[in-house]
Structure formats: structure tokens, C-alpha cells
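Notebook open, structure on screen. I wanted to go through the charged side chains and then take a look at the helices.

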Amino acid sequence: MSASVAVILVLAVGTYGFRLIGPALHGRVVLPARVRELLSAGAVVLLAALLATGALTEGGGFAGWSRPAGVLVAVVLAWRRAPFPVVVLGAAATAAGLRALGVG
């Protein structure tokens, strides 16, 4: 068995274990309110970091201005409660239009 297959199997077992532990411990472990607040804030911070790295970088460098502009348009449309296809098409049209103009 190669090292890659072993790593994939370990990750699969770990993921399955985490998914099993949630329902098994439901109701048995009570988290304090402060811990729940911190976990909620941590999830928001992780999602924001993922959004920032995905929107701003490509191949270890700056992705150009068209991608962040498309993300910004998507955020504004989602904030204004536009339908999901409108959000996606608006972001794609913005990024494609800026790239067509040579903004990058």
C-alpha cells in the first residue's frame, strides 16, 4: 500500500469517526455559552480566511483585480438577497468583463 493510499484511508476513518461522534454525544455533553460563542466566531473567521485566500491568490501570488471585484459583486448581490443564479452570473460577468477589458 502506498503512502498516499494510507493517508487517504486514515483521513477517511477520521472523518467518519467525527461524523459518528456528533450524534453519539448529542445531549450528553453540554458546552458552556462562552465556548459556543467562541466556536461560532471561529467558524466565521475560518470562512472569511478561506474566502480571502480564494479570492485574492492564485499560484502563490496576487490573482489580479477581476477576481476580487467578482467576489465583491457576489457579496453585494447576496447581501441584497438576490437569487443564487443571479449572484453567480453577476460575479462571473463582472470578472469576465474586467478580464476582457484587460484589467486582469
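Entry one. I looked up Arg-34 and found that it forms a salt bridge with Glu-37, with 3.7 Å between the closest N and O atoms. This is a predicted model, so I am reading computed values here. The 3.7 Å contact makes the list because the cut-off is 4 Å.

Where do Arg-34 and Glu-37 sit relative to each other in helix 2? They are 3 residues apart in that helix, which covers residues 33-56, so about one helical turn separates them. I checked accessibility too: Arg-34 comes out at 53% and counts as exposed, while Glu-37 is at 47% and counts as partly exposed.

Entry two. How many salt bridges does a search of the whole structure find? I got 2. Besides the Arg-34 to Glu-37 pair, I noted one between the side chains of Arg-67 and Glu-58, at 2.5 Å from N to O. Arg-67 has 23% relative accessibility, which means partly exposed, since buried would need a value under 20%. Glu-58, at 47%, is also partly exposed. A reminder to myself on why such pairs turn up: side chains of opposite charge can pair when their charged atoms come close.

I moved on to helix 1, which runs over residues 3-25 and has 23 residues. From first C-alpha to last I get 33 Å, close to the 33 Å expected at 1.5 Å a residue. What follows helix 1, and what is its phi like? I found Gly-27 there, with a positive phi near 90°.

Conventions: Residues are numbered from 1 along each chain as its sequence is written. This is a predicted model: local features need pLDDT of at least 70, side-chain atom pairs count only at pLDDT 80 or more; totals for chains, interfaces and linings use all residues. Side-chain values use heavy atoms; hydrogens and water are left out. Helices (H or I, at least four residues) and strands (E, at least two) are DSSP runs, numbered from the N terminus. The expected span of a helix is 1.5 Å times one less than its number of residues. Buried means under 20% relative accessible area, exposed over 50%, partly exposed in between (1.4 Å probe, protein chains only).
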